[in-house]
Amino acid sequence: MKQRQKIILIICCLVGMGLSFLFHLSLNFYDKDEILATVYVNIEIDKAYSHSVSIIATKNGDNFLFPFSTDAGNTMPSIILYNEIKPNNKHTFIDALFLRMPKETAHETLNAIDGISIFIVNKLFYFSHFDVVNMSGKEQNGYILYELHGLEYKKSAIAAWLKMPKWINWYGDLNITVKIALLFLSHPGEFILTWGFFICFLILCWANFKIIYSALKRRKFLPEFLLLSLIIIAGFILRFNGYVRYSSCADEIASATTSNPSRPFLSTFEDPGNPPLYYILLRLWFIIFGWTDKSGHLFSVILGTAAIVSLFILVKRFADKKTAFLAAAYMATSTYLIGFSQEMRSYILVVFLVSIVAYRFMVILQRQELNFTNLIWYIIPSVLLANTHYYGSLFIFVNFLFFVGYSIRTKIFTRKNIIIFFSVNVIIALSLLPFFISTALQQALLSPGFNTWIGKPGYKLKCIAMSIPLLGMLYIYLRKTIFSKVLPDFCTCFLDYIVFVSSFVYHAAFGISLYRPILVMTYLIILLPLLIGFIGTVLTTAFTHSAKLIGGLCIAFAFAWIFGGDDTKHHGGNIDVYQEAQAYISHDAESHPEVSGASLPFWVDGASFYGYKNLPLYTSDDTYNVLYINPIHGSESEMHSIIVGLGIDPEKILRIRVNDSRSVYKIYL
């Protein structure tokens with residue numbers, strides 16, 4: 001093929017990719033979650049005027065009418081009008097919201113509105129009675145329209161560039177870029193023409209790519225550095241996107257309050273279920289970057305990104321470079337780990353540290369030297385891991401068991417080595433003494449009421465425990481027939497280590513849980529980096545030593561499974577809405593200074609963390625006009641039972657909907 005013809009075909013492929021991509025995107029855009037947000041509108045109004053108000057959403061000048069719904073059976077003179085404006089093919093990008101009222105009763109209806117609260121994701125837009133009565137309206141077909149100004153979840157450079165009105169329900173430009181990229185990779189069938197053009201483009205340019213790769217390969221570490229940098233950047237973007245989109249859950253707010261720099265340092269030791277290292281590091285982070293929600297979650301984003309590097313270093317040393325890149329890519333794109341990297345809890349620190357501990361432990365085995373340098377570099381990360389989560393201590397103990405077993409199997413067992421390594425584990429255990437003496441012994445180990453929410457192993461956990469020995473026998477068979485023949489000796493040892501540690505950590509937690517339940521699937525995240533390394537090693541072995549087509553398909557399927565899973569959700573999700581609820585309580589109380597208000601928060605009170613004033617806590621002996629209930633971790637039935645227990649008539653409840661599953665309760669006493 002002549003060069004000129006080749007260039008023309010390449011240009012045609014690029015144009016075809018662009019046009020077909022836009023075509024496919026237009027067909028699939030609105031079907032994907034987390035592109036546009038739902039808008040939740042609540043209006044507190046005199047019941048006599050409830051039928052005079054409706055909401056209008058505009059999209060590019062077109063108006064869409066949304067009548068309000070109400071709670072039946074409310075005996076209060078005030079009522080909450082509510083609606084959910086969800087994006088769909090009919091009304092998507094919302095430019096503005098208007099209140100619509102009949103012209104002849106508009107003035108009286110405005111005066112009947114006590115307040116308007118609009119929730120878009122985790123943001124509250126509140127309009128007090130004063131704000132409402134001072135709105136200016138415009139007449140349209142016998143109605144007066146009053147625009148609700150200032151509604152915008154995220155600013156959009158795209159909208160500004162296209163000279164379009166602002167979109168109040170837009171998740172953000174970075175979000176759409178990430179979602180489109182993941183959609184293209186995880187759903188190739190929905191972009192079949194684009195992929196066809198893309199494959200043709202690769203075929204036409206393959207010779208050029210080989211030349212570029214050869215040139216880069218001459219620079220010894222440059223290709224590796226560029227590829228790893230690309231994986232790290234991708235992992236950071238996936239974690240950074242929407243990292244403060246959801247309200248912090250109760251446990252996260254507990255982390256923030258425990259790590260509050262204004263509190264005494266010893267407050268970092270007060271959580272009986274979690275050793276203090278994460279709280280100490282988070283406290284230092286808050287001192288430097290401020291005690292804010294964004295700051296706390298960003299700390300986890302950075303730890304989650306750093307965990308990609310620690311896993312890469314581990315797998316590269318004890319498997320090979322290809323497996324290391326594959327494992328790093330899996331960790332970077334795992335929706336499960338992305339979720340934990342956006343959570344203000346210690347789990348992602350555990351993920352980061354466990355790869356380092358495993359690396360230093362394997363170095364000791366590989367060098368077969370228990371000298372001071374090797375031991376001190378094992379002790380330091382092990383102390384950090386043990387002081388981050390109590391499963392870390394379990395992990396360190398299983399390492400010791402593997403060391404003994406490995407020493408016996410390889411015939412390097414000596415009493416001196418066992419005593420030395422046992423002493424190392426004693427030193428690591430002693431690092432927990434301050435935490436045990438100050439907190440854990442009395443409040444956790446000797447307290448029968450500690451962690452009672454963890455039940456004894458159920459059917460699912462028992463099935464896993466029974467299946468592990470069967471999987472272990474399968475691994476032994478594959479090790480003898482395949483792995484020992486195609487893998488280097490120490491890579492096989494690395495696989496042995498992963499299988500042994502994963503099996504024994506699970507069974508140890510399972511066995512303890514039969515007496516004192518500690519087994520929670522979330523806590524097993526400590527094993528995830530090792531399991532990713534194991535899967536990566538198996539897949540690259542299949543690709544290298546078996547049919548490349550089969551191995552390549554397995555790798556592609558694994559990536560598609562990771563990409564195509566459920567959209568990344570912050571583990572608080574829409575279950576806990578403390579931030580949004582507290583914002584409403586604070587704004588509503590401030591707009592009614594003449595009213596005496598109290599609150600009844602569930603479990604924690606982190607109002608000051610979000611910059612809000614704490615209302616007095618409700619007690620039945622005091623006299624208040626209004627009671628607010630923040631529903632953190634509380635179901636509707638729980639809140640109703642509490643209200644009934646306080647002797648309050650449930651029919652006095654005004655429900656302000658934060659989203660489709662959670663509401664703030666406002667009760668006039």
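This is a predicted model: local features need pLDDT of at least 70, side-chain atom pairs count only at pLDDT 80 or more; totals for chains, interfaces and linings use all residues.
Q: OK, how many helices and strands does the protein chain have?
A: The protein chain comes to 23 helices and 13 strands, where helices (H or I, at least four residues) and strands (E, at least two) are DSSP runs numbered from the N terminus. Its C-alpha trace spans about 95 × 80 × 45 Å along the principal axes.

Q: And what share of it is buried?
A: Of the 669 residues in the protein chain, 51% count as buried, and the cut-offs are under 20% relative accessible area for buried, over 50% for exposed and partly exposed in between, with a 1.4 Å probe and protein chains only. As for contacts (heavy atoms within 4.5 Å), residues 24 or more positions apart account for 75% of those in the protein chain with a separation of 6 or more.

Q: Let's zoom in on α16. Which of its residues are buried?
A: The buried residues of α16 are I418, F421, V424, N425 and I428. They sit on the same side of α16, because they cover an arc of only 120 degrees around the axis, the arc being that of the directions from the helix axis to the C-beta atoms.

Q: What do those buried residues pack against, and what is on the face turned away?
A: The buried residues of α16 pack against α13 (347-367), α14 (372-386) and α15 (390-409), whereas the face turned away from the buried side carries the exposed residues R415 and K416.

Q: Which residues have the most contacts inside the largest nonpolar core?
A: That core has 102 residues, and those with the most contacts inside it are F361, M362, Y378, L385, F395, F421 and Y497. Helix α13 gives the most to this core, with 15 residues. A nonpolar core here is a set of buried Ala, Val, Leu, Ile, Met, Phe, Trp, Tyr and Cys residues joined through side-chain atoms within 4.5 Å.

Q: What does Y497 touch?
A: Not counting residues up to four places away in sequence, Y497 touches A358, F361, M362, F395, N399, F402 and L530. There is also a second, separate core of 37 residues, which includes I94, I116, I120 and I144.

Q: Switching topic: how many salt bridges does the structure hold?
A: The structure holds 11 salt bridges, each being a side-chain nitrogen of Lys or Arg within 4 Å of a carboxyl oxygen of Asp or Glu. One of them joins the side chains of K666 and E44 at 2.9 Å, N to O, and this pair links distant parts of the chain, with K666 in strand β13 (residues 663-668) and E44 in strand β1 (residues 39-46), 622 residues apart.

Q: Are those two buried or exposed?
A: K666 is buried, with a relative accessible area of 1%, and E44 is buried as well, with a relative accessible area of 3%.

Q: Which residues are in the salt-bridge network with K666?
A: E44, D114, D588 and K666 are linked in a network of salt bridges. Within it, the side chains of K666 and D114 meet at 3.9 Å, N to O; K666 lies in strand β13 and D114 in strand β6, so the pair ties together parts that are 552 residues apart in sequence.

Q: Now S156: where is its place, and what does its side chain reach?
A: The place of S156 is in the loop between β9 (143-147) and α4 (157-161), and S156 is buried, with a relative accessible area of 12%. The side chain of S156 reaches the backbone nitrogen of I158 at 3.2 Å.

Q: Which side chain does S156 join in a polar contact?
A: A polar contact of 3.4 Å joins the side chains of S156 and W170. The term means a pair of N or O atoms within 3.5 Å; within protein, one must be able to donate a hydrogen and the other to accept it, and residues adjacent in sequence count only if both atoms are side-chain atoms.

Key. Residues are numbered from 1 along each chain as its sequence is written. Side-chain values use heavy atoms; hydrogens and water are left out.
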